[in-house]
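Student: I would like to go through this model and test each label against its definition. Can we begin?

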Amino acid sequence: MKGENNNPSTSFAKLFNAHLHFFNVLSCVLLFGSLLSLGIILSFHLKNFSIDLHITQLSLTTRSASAPPPPPPPQSFTPAAKTSNVAGIGLTEFLKPPDVMHGMDDKELLWRASMVPRIPQYPFDRVPKVAFMFLTKGPLLLAPLWEKFFEGHEGMYSIYVHSNPSFNLSDPKSSVFYGRRIPSKEVEWGKVNMIEAERRLLANALLDFSNQRFVLLSESCIPIFNFSTVYSYLINSSQSFVESYDLEGPVGRGRYSRRMSPRVTLDQWRKGAQWFEMDRELAIGVVSDQEYFPVFQKYCKGACYADEHYLPTFVTMKFGHKNSNRTLTWVDWSKGGPHPAKFLRTEVTVEFLERLRSGSQCQYNGNTTDICHLFARKFSPDALYRLLKFAPKLMHFHE
């Protein structure tokens, strides 16, 4: 037995088995530790993921309750002509004129109004309209007469009113003048800002592509023919009506400033009535003028009276071949002075109105006619009663 216990081979085997057992235990411990660590890490990450998911869901729930959902992804473009229910800017939206009380300043307005289509044919049904532009100090006291004039002709005219910005009374909703006041600035008689107001009116009217003719009127103007006659006369005219003539003396050539040369010379200087009528081409030319109007702004001051000289000079220089050189608004200068005669109630008679309608002869589209004026001024507010009494029957309103 003693010799058996002291056998080297047996001792070595026991020692080897002991080491092997130790390594097996160690391996198990290491494997268990690794698995335990992996489990802890996975558990931690899953917990964070759950928290993030919960927060995201809570955020989406809160957002949907307090704000509109995010916009859908972009859709592929389909021409409006192919699909009737596609939202966006089509021809109808482009042609629709903005509200007369827009937010554009003069520079933006003139630029917008100066745009001209290069294709003359209209790709839509268009009824040409006449733009009636009223340059006033305050209320239109003769409005009831104009109401009768316009009645029954909706869709054939547009109205624009430029009044003093301090005037804030509004017309009744039933009136054709309701909501037709444009953003305005102060105007002074004889000053260049009178022309600025006229250009402002033209620019606003040009925003409506249907407006074909443009007539400037004051609060003391009246029509002396019915709407149908006026409309036909203007729409069918081959010329515009801006009075222009060369006048020697202090109130003509005497108002010219040599500082305007060489842009405007004395032989180009013209005079004429402020109250004009013009076609769309000329109206665009007036609002687009960056060559001659700045000269008048700078040098036509004091006794120059830009409203009597800018348009006659500019039109004769640039559009003379298309201008009749006469005005359509009758006035009486027989009493002299810086202003025409004003007509009171007692002066308004049937005979007087008949004389305004056919008291002269002129050229229209190459032919002689006795219809030379379509409007007249200056009528006082107290003449309204007689005008309403005589005019509708005499002028055949509602025809």
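Student: Which residues of strand 1 are buried on one side, and which on the other?

Tutor: K129, A131, M133 and L135 are buried on one side, and V130, F132 and F134 on the other. Buried means under 20% relative accessible area, exposed over 50%, partly exposed in between (1.4 Å probe, protein chains only). In a regular strand the side chains alternate between the two faces of the sheet. A caution: this is a predicted model, where local features need pLDDT of at least 70, side-chain atom pairs count only at pLDDT 80 or more, and totals for chains, interfaces and linings use all residues. Residues are numbered from 1 along each chain as its sequence is written, and side-chain values use heavy atoms, leaving out hydrogens and water.

Student: What makes strand 1 and strand 3 a pair?

Tutor: Two strands pair if DSSP finds at least two bridges between them. Strand 1 and strand 3 (residues 211–218) are joined by 7 bridges and run parallel. V130 has R213 as its bridge partner there. Strand 1 also pairs with strand 2 (residues 157–162), parallel, over 6 bridges. Strands here are DSSP runs (E, at least two residues), as are helices (H or I, at least four), numbered from the N terminus.

Student: Why is the contact of R255 and E308 called a salt bridge?

Tutor: The rule asks for a side-chain nitrogen of Lys or Arg within 4 Å of a carboxyl oxygen of Asp or Glu. R255 and E308 meet at 2.7 Å, N to O, so by the rule the pair counts. R255 lies in the loop between helix 7 and strand 5, and E308 in the loop between helix 9 and helix 10, so the pair ties together parts 53 residues apart in sequence.

Student: How do you know that R255 is buried?

Tutor: Its relative accessibility is 14%, so R255 counts as buried. E308, at 17%, counts as buried too.

Student: What are the classes of D279 and K322, buried or partly exposed?

Tutor: D279 has a relative accessible area of 9%, so D279 is buried. K322 has 24%, so K322 is partly exposed. D279 and K322 form a salt bridge, with the closest N and O atoms 3.3 Å apart.

Student: How far apart are the N and O atoms of R357 and E354?

Tutor: The distance is 3.8 Å, and the side chains meet in a salt bridge. Both residues lie in helix 11 (residues 350–358), 3 residues apart, about one turn of the helix. R357 counts as buried at 13%, whereas E354 is partly exposed at 34%.
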